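Please read the following report alongside the sequence and the coordinates.

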Amino acid sequence: MSNKEFLNGLTPIEEDFMRALWNIGEGEISDAIKQMEHSDTPYTTIASIVGKLEEKKYVHKVGKRRGHLYAPLISREDYYGRTLKYVVSNFFTGSYKSMVQYFARNEKVTREDIEEILRMIDEEE
């Protein structure tokens, strides 16, 4: 993984654009920029990033108003799932149990949180 890539092959600014696009559903680059944390990034830079996201098959053009409209090709849930799978595989030797133990040990998740998660799992079954 190059130092420019983030967990799932996206740089932080690419991920920022994707979060904005997930929020709006589809739109022009300028629509997404308004939703971005890096909204001060020049339009031309964001346009270049969108081109890279097209190459990576994360977004596609869906139509045209004044400019091109873009929509995500991957859902937020799929991306988060892939990212979590990457984290578990590469940092917790593939064990979700180890990940939960880590968060419990570091007081990021409480016993009550775990009990609530178990109730949610029971409800899903």
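**Basis and confidence**

This is a predicted model, in which local features need pLDDT of at least 70 and side-chain atom pairs count only at pLDDT 80 or more, while totals for chains, interfaces and linings use all residues. Residues are numbered from 1 along each chain as its sequence is written, and side-chain values use heavy atoms, with hydrogens and water left out.

pLDDT is the predictor's confidence in each residue, from 0 to 100. The chain has a mean pLDDT of 88, with 93% of its residues at 70 or more. Helices (H or I, at least four residues) and strands (E, at least two) are DSSP runs, numbered from the N terminus.

**Helix H3**

Buried means under 20% relative accessible area, exposed over 50%, and partly exposed in between (1.4 Å probe, protein chains only). Ile46, Ile49, Val50 and Leu53 of H3 are buried. They cover an arc of only 105° around the axis, which puts them on the same side of H3; the arc is that of the directions from the helix axis to the C-beta atoms. The cover over the buried residues of H3 includes H1, H2, S1 and strand S2 (68-72). Thr44 and Glu55 are exposed residues on the face turned away from the buried side. Just after H3, Lys57 has a positive phi of about 65°.

**Selected residues**

Thr44 lies in H3 (residues 43-55), and its C-alpha atom is 9.9 Å from that of Ile29, 15 residues apart along the chain. Glu14, in helix H1, contacts Gly9, Ile49, Lys52, Leu53 and Lys56, leaving aside neighbours within four places in sequence. Asp31 belongs to helix H2 (residues 29-33). A polar atom of the Asp31 side chain lies 2.8 Å from the backbone nitrogen of Glu28. Between Asp31 and Asp113 the C-alpha separation is 37 Å, across 82 residues in sequence.

| Residue | Relative accessible area | Class |
|---|---|---|
| Thr44 | 60% | exposed |
| Glu14 | 3% | buried |
| Asp31 | 22% | partly exposed |
| Tyr58 | 7% | buried |
| Tyr79 | 1% | buried |
| Tyr102 | 36% | partly exposed |
| Phe103 | 33% | partly exposed |

**Aromatic pairs**

Rings of Phe, Tyr and Trp (its six-membered ring) pair if their centres lie within 6.5 Å; planes under 30 degrees apart count as stacked, over 60 as edge-to-face and the rest as tilted. Ring pairs link Trp22, Tyr58, Tyr79 and Tyr80 into a cluster.

Technical notes:
Contact means heavy atoms within 4.5 Å. A polar contact is a pair of N or O atoms within 3.5 Å; within protein, one must be able to donate a hydrogen and the other to accept it, and residues adjacent in sequence count only if both atoms are side-chain atoms.
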